[in-house]
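Here is a short briefing to read alongside your sequence and model. Take a moment to look the fold over, then work through the points by topic.

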Amino acid sequence: MPYCFINLGGGEIFSYDKITTTSDPRRFLHQSLASSPEIQRSLIPTGEKLCEKLHEMDVITRDRMRLINGTLLLPRAPPRSESVEDARKILRLTQLETLKSRIRKIEKSWILFAEFIEICKETCLDNDQGMEFAKKLDHSGDVIVLGNVVFLRPNQVVQAMQELMPMHNPNDHEKERMKELEEMEDEKTSIDKKAELLVRKEVWFGLGCLVIQTTAFMRFTFWDLTWDVMEPICFYLTSAYFMATYFFFLKTSKEPSFQGFFQARFSTKQNDL
């Protein structure tokens, strides 16, 4: 396959492989047309167009990979703004691990608090950072600070505390009481489920009564009787409902709502069962 080169200075177009180019009549025609001075002048950008073309070529090739002398050059990545903060984090982590390793190398199982602070400050080369690392080691459980003493082996402290305060092993009588308590808890769970089921049945029954009452009042109002007759009945019935809710509040001291009614009936069913 031939490679063509364009000289922007003289406008001459020539083929890298003339034999292959001239072997094809279409390629020969293309080469002949491109060799004409009029077409060359029309293809070559000049003035402002030339500057824009070079600027576009520079933008395109700036972000692409380049191959120079057989070496692949990748585009340089932009510098990260967080690189300084990441370096600080890594440095702090390195100092903390160095402090932990130094504490592990101490043969004593405990040291004074002042000595522990000095070790932290020497490792960190900063008093404030040394105090901060001392607090982190105490909070993380790597050391145990008790008063003026710092225990460097927390596992030994835990073992000693377990020996001083052994776990209580229940005897046979206590095991029987625990078993009885578990049986009572299971019975209590069964009672709660049954009480909830009974209360829900009562609530659904109340909804059915309200539907039947509303249907009957509609029948009496529009067919059997008139509104003049049903109006006093509806008024007194509504007053009876209001007095019932007021009585419910006085008796149970709960809000006269559907939720309050449900909780009151649930407690009553629990006590009955």
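Two strands count as paired if DSSP finds at least two bridges between them. Helices (H or I, at least four residues) and strands (E, at least two) are DSSP runs, numbered from the N terminus. The model you are looking at is predicted, so local features need pLDDT of at least 70 and side-chain atom pairs count only at pLDDT 80 or more, while totals for chains, interfaces and linings use all residues. Residues are numbered from 1 along each chain as its sequence is written, and side-chain values use heavy atoms, with hydrogens and water left out.

**Overall picture**

- The protein has 11 helices and 7 strands.
- Buried residues (under 20% relative accessible area, with exposed meaning over 50% and partly exposed in between, for a 1.4 Å probe and protein chains only) make up 16% of the 273 residues.
- Among contacts (heavy atoms within 4.5 Å) with a separation of 6 or more, 46% join residues 24 or more positions apart.

- Strands of a sheet pair through backbone hydrogen bonds, either parallel or antiparallel.
- Here, an open sheet of 3 strands runs in the order S5-S7-S6, with antiparallel pairing.
- S5 (110–112) and S6 (144–146) stand at the edges with a single partner strand each, so one side of each has no neighbour in the sheet.
- Neighbouring strands of this sheet are turned by 25° against each other on average, direction ignored; axes are lines fitted to C-alpha atoms, for helices over the stretch in contact, and angles run from 0 to 180 degrees between N-to-C directions.
- S6 and S7 (residues 149–151) form an antiparallel pair over 3 bridges, and Leu146 stands opposite Val149 in S7.

**The nonpolar core and its helices**

- A nonpolar core is a set of buried Ala, Val, Leu, Ile, Met, Phe, Trp, Tyr and Cys residues joined through side-chain atoms within 4.5 Å.
- The largest one has 16 residues, of which Leu99, Ile103, Phe116, Leu137, Val143 and Leu152 touch the most other members.
- H5 (83–104), H6 (113–124) and H7 (127–140) each supply at least two residues of this core, and H6 gives the largest share, 5 residues.
- Leaving aside neighbours within four places in sequence, Leu99 is in contact with Ile119, Cys120, Thr123, Phe133 and Leu137.
- The axes of H5 and H7 come within 11 Å and cross at roughly 65°.
- Residues making that contact include Arg92 and Leu99 of H5, and Glu132 and Leu137 of H7.

- Residues 203–223 are 100% helix and 0% strand, with end C-alpha atoms 30 Å apart.
- Residues 229–249 are also 100% helix and 0% strand, and their end C-alpha atoms lie 32 Å apart.

- Trp227 is found in H10 (residues 227–252) and is partly exposed, with a relative accessible area of 46%.
- Beyond its neighbours within four places in sequence, Trp227 is in contact with Thr221 and Cys234.
- Most residues other than glycine have a negative phi.
- Ser253 has a positive phi of about 60° although it is not a glycine.
- Ser253 lies in the loop between H10 and H11 (258–272) and counts as exposed at 58% relative accessibility.
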